[in-house]
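Reader: I have a structure to go through. Please take me through the terms used for it.

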Amino acid sequence: MPEARIVQNEEDKDGLINKREEVVVPHGFYERIYMNNVDGTSFVALSNKKAALIDNKGEVVVPFGIYDDIILLKCCNVPEGHSLYQKIKDGVYAVKKNNYCGLINSLGEVLEPCAYDCTPRDDSRPDVWFLWIPDEIMMKYSVKNKVKIIGLGGAGTNVVDKIIQANGMGNLDFSGADFYAMQTNMDKLKLVFKNNKRLFPHTHVSDRAEGNPAAGELAAQNSREEIIEILKEYDSKAIIFVAGLGGGTGTGALPVMIEIAQSLGIATIAIVTTPFKFEGKRRSEQARLGVEKLEEIFQEIRKNKNTNEQLLVLPCDKFDTEGITLKDAFAVIDDKLVDMAFAACKIGA
């Protein structure tokens, strides 16, 4: 239970009560109270267009007028691509003064002085501003998630998209995980979630894997340096790969990705599917060869170290698809993969 929480009365005026249900700040004492950290030890209070930082007892930590604005950093608007801001530790606040921004903690202590640019998001909302604090600064205050979940190819990226939806709706708790989608086809990549989408950088339209494992393998081999940077990002201790076998990107690129992860000393779990019977003999045969290759890789991994690393295979042709649509059949598999990824995430964490 948080140390204190915001409550509103019938007139929508904010107040603060502690975990013993005692009034800490009466309703209407400030115009607004918001931007609280998770454990309820600090809050932003607004009065006369000025911001102050208060604690869970209602005591003023940072008085009105010291800064032009105070915002919990996780709630800030950030430039496109700066996903680090969503990984910031709880209780770090951005402060703005004279068009420059800095950082303070929930005790009001200065973490970074107001020396970085901040700009209004647009002319219609001058009160909403972008921070331009370099990523190398933000890394000092970011949470290092323990697990990466990387979807490879069409099937893998679809599943990661579903995982993110389940996590966002609170159906499953994937906290502690970062999500990535990697493809050789930009058109398909555009259909999935916004952040951390990666096209294999040395893949061009003419080189799309499109059902050819050799092309998927070549795309990964040609992109080794970029893949290394992605796998090393945020210093994760485990990686869960999700892919459908039988096509090009998942079947071809996955062994290369596992080999790179192992060379970096990162624990690896691979969750893969093999095709439904109706997907044809060619895809089934490519999937069979893909499973054999992966089994050899993981057998070698387990031989060299005592580990939880494993290959999990979900054979789609074992599921009864009679009487259901093609879309529903794939949805059933996606849901199974989400559950498997959740279990693997807890092992990896």
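Predicted model: local features only at pLDDT ≥ 70, side-chain atom pairs only at ≥ 80, totals over all residues.

Reader: What makes the crossing of H5 past H6 left-handed or right-handed?
Author: H5 passes H6 in a right-handed crossing. Residues are numbered from 1 along each chain as its sequence is written, and side-chain values use heavy atoms, with hydrogens and water left out.

Reader: Why is H5 called oblique to H6?
Author: Helix H5 (residues 224-232) and helix H6 (residues 249-263) pack at about 60 degrees, with axes 10 Å apart. Under 35 degrees is roughly parallel, over 145 roughly antiparallel, 65 to 115 roughly perpendicular, and the rest oblique. Therefore H5 is oblique to H6.

Reader: Which residues of H5 meet H6?
Author: Arg 224, Ile 227, Ile 228 and Leu 231 in H5 meet residues of H6, including Val 256 and Glu 259. Contact means heavy atoms within 4.5 Å. The contact of H5 with H6 divides into 7 nonpolar, no polar and 2 charged residues.

Reader: How do you know that S1 and S2 pair?
Author: Pairing takes at least two bridges found by DSSP. S1 and strand S2 (residues 14-18) are joined by 5 bridges, so they pair, and they run antiparallel. Arg 5 has Ile 17 in S2 as its bridge partner.

Reader: What makes S1 and S3 edge strands?
Author: The open sheet has the order S1-S2-S3. Strand S1 (4-8) and strand S3 (23-25) each pair on one side only.

Technical notes:
Helix = DSSP H or I, 4+ residues; strand = E, 2+ residues; numbered from the N terminus. Axes fitted to C-alpha atoms, helices over the stretch in contact; angles between N-to-C directions. Left-handed = near helix turned anticlockwise from the far one by under 90°. Nonpolar A, V, L, I, M, F, W, Y, C, P; charged D, E, K, R; others polar.
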